[in-house]
Amino acid sequence: MSNKSVGYAMLLLIVGNLIAVFSDALIKTLDDGVAVFQFVFFRQLTAVIILLPFCAKNALPSFTQGLKWHALRAHIWLFGAVFMVFAINSMPLATANAIFYAAPLIMLPLAFVFFREKLTKQSVMTGVVGFIGVLVVIRPTHIDWAAISALVVALTLAGNNLLIRKLPTNQTVAQTLLLTNAVGMPASLGLALWEGETWNWTPLLTAAGSSFFILIYAATCVVAYRSVESNKIASAEYSGLLGAVLVGILWFGEIPEVEMLIGSALIILPLLLLAKVERKQKKARINVEQSTIDAPLESEFSLSTER
């Protein structure tokens, strides 16, 4: 892992999640009868087209490194993308995003089980309080297919972010994103053909815009989760909920209720507390390390003066 600070990684995730809301908003503008698998294929196709210029100078052998992990992430991403289209078009934008943001809470136990990450009290409490905020927002009185689809999306987001740790660190962010989309294209094309709908290229522009915004989000995730342990920063993913509320109001006329405001406060305030605690702990570690370095020097100086 790099030496980037927790605050820097959290800022990246906050910016990425706010931008990702616009990808969701574009998906919500699709007609009800859109061919879902075609649209998902268009998203991957346009993503590859956008990324190719950034990878043109990379050596071909570097693309084969960690291919099995890229393939796993690609198909998890594809699986989640299909359910994302259904969830966003079946419920208010902010509600769908609130369920998506169960992903950081899902990441905590997964990181503990598969990567043996140490869970601090602060990170656990931030995740729990944040998830309570999500529940306050959605007020689940019953579980329907839209909610289940959104939970599947949350699970795939959590899995994809954790698997970033398995990717070769010498590959650029653009390479990583290109492989994630390109490796999954045969499967998405096969699903589009199996769907049997007449090919309609009208949603291609919407797919391109959605891809552009989601690529920025994915890039921030790659950089952030390569830099810092996921349990320390995963809660920053919740920040996009505020963006979803704002976009829902301005674009779709979805006025948030009091519960939405209370839930959002429960989600955001622990983030600020966690960042503050992490800064204090980092400062304390630096002071301890500096004291350890200074102690032998002071001892040596004392002995020299005695002699």
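Visitor: Which residues does Phe79 touch, not counting residues up to four places away in sequence?

Guide: In this predicted model, with neighbours up to four places away in sequence set aside, Phe79 touches Val152 and Thr156. Phe79 itself belongs to helix 3, which spans residues 67-88. A separation can also be given between C-alpha atoms: for Phe79 and Val40, which lie 39 residues apart along the chain, it is 9.8 Å.

Visitor: Is Phe79 buried, partly exposed or exposed?

Guide: The class follows from relative accessible area, with buried meaning under 20% and exposed over 50%. Phe79 has a value of 45%, so it is partly exposed.

Visitor: What is the pattern of the chain, read along the sequence?

Guide: The pattern is α-α-α-α-α-α-α-α-α-α-α-α-α, with 13 helices and zero strands. Of the contacts with a separation of 6 or more, 91% are between residues 24 or more positions apart.

Visitor: How much of the chain is buried?

Guide: Buried residues amount to 48% of the 307 in the chain. Helix 4, residues 93-100, is mostly covered, with seven of its eight residues buried. Among the buried residues of helix 4 are Leu93, Asn97 and Phe100. As for the accessible surface of the chain, it comes to about 15400 Å², and 70% of it belongs to carbon and sulfur atoms.

Visitor: Which residues form a nonpolar patch on the surface?

Guide: A patch of this kind joins nonpolar side chains that have over 30% relative accessible area. Here it consists of Phe112, Val113, Phe114, Leu119, Val124, Val128 and Ile132, which together have about 590 Å² of accessible area. At least two residues of the patch come from each of helix 5 (103-115) and helix 6 (121-138).

Visitor: Why does Val113 count as partly exposed?

Guide: Val113, found in helix 5, counts as partly exposed because its relative accessibility is 46%.

Visitor: How many salt bridges does a search of the whole structure find?

Guide: The search finds one. It joins the side chains of Glu254 and Lys28, with an N to O distance of 3.9 Å. The pair links distant parts of the chain, 226 residues apart: Glu254 is in the loop between helix 12 (240-252) and helix 13 (258-306), whereas Lys28 is in helix 1 (residues 6-28).

Visitor: Are Glu254 and Lys28 buried or exposed?

Guide: Both Glu254 and Lys28 are buried.

Visitor: How many aromatic pairs does the structure hold?

Guide: The structure holds ten. One of them is formed by Trp199 and Trp201, whose ring centres are 5.9 Å apart.

Visitor: Why is the pair of Trp199 and Trp201 stacked?

Guide: Planes under 30 degrees apart count as stacked. The planes of Trp199 and Trp201 are at 25°, and therefore this pair is stacked. As to accessibility, Trp199 is partly exposed at 32%, and Trp201 is partly exposed at 48%.

Visitor: Which residues do ring pairs link into a cluster with Trp199 and Trp201?

Guide: The cluster also contains Phe41 and Phe42, linked with the two tryptophans through ring pairs.

Terms used:
Residues numbered from 1 in each chain as written. Predicted model: local features only at pLDDT ≥ 70, side-chain atom pairs only at ≥ 80, totals over all residues. Heavy atoms only, no water. Phe/Tyr/Trp six-rings, centres within 6.5 Å; stacked < 30°, edge-to-face > 60°. Buried < 20%, exposed > 50% of the residue type's maximum accessible area, 1.4 Å probe, protein only. Helix = DSSP H or I, 4+ residues; strand = E, 2+ residues; numbered from the N terminus. Contact = heavy atoms within 4.5 Å. Areas by Shrake-Rupley, 256 points an atom, 1.4 Å probe, with all protein chains shown as cover. Patch = residues over 30% accessible without salt bridge, like charges linked within 9 Å, V, L, I, M, F, W, Y side chains within 5 Å. Salt bridge = Lys/Arg side-chain N within 4 Å of Asp/Glu carboxyl O.
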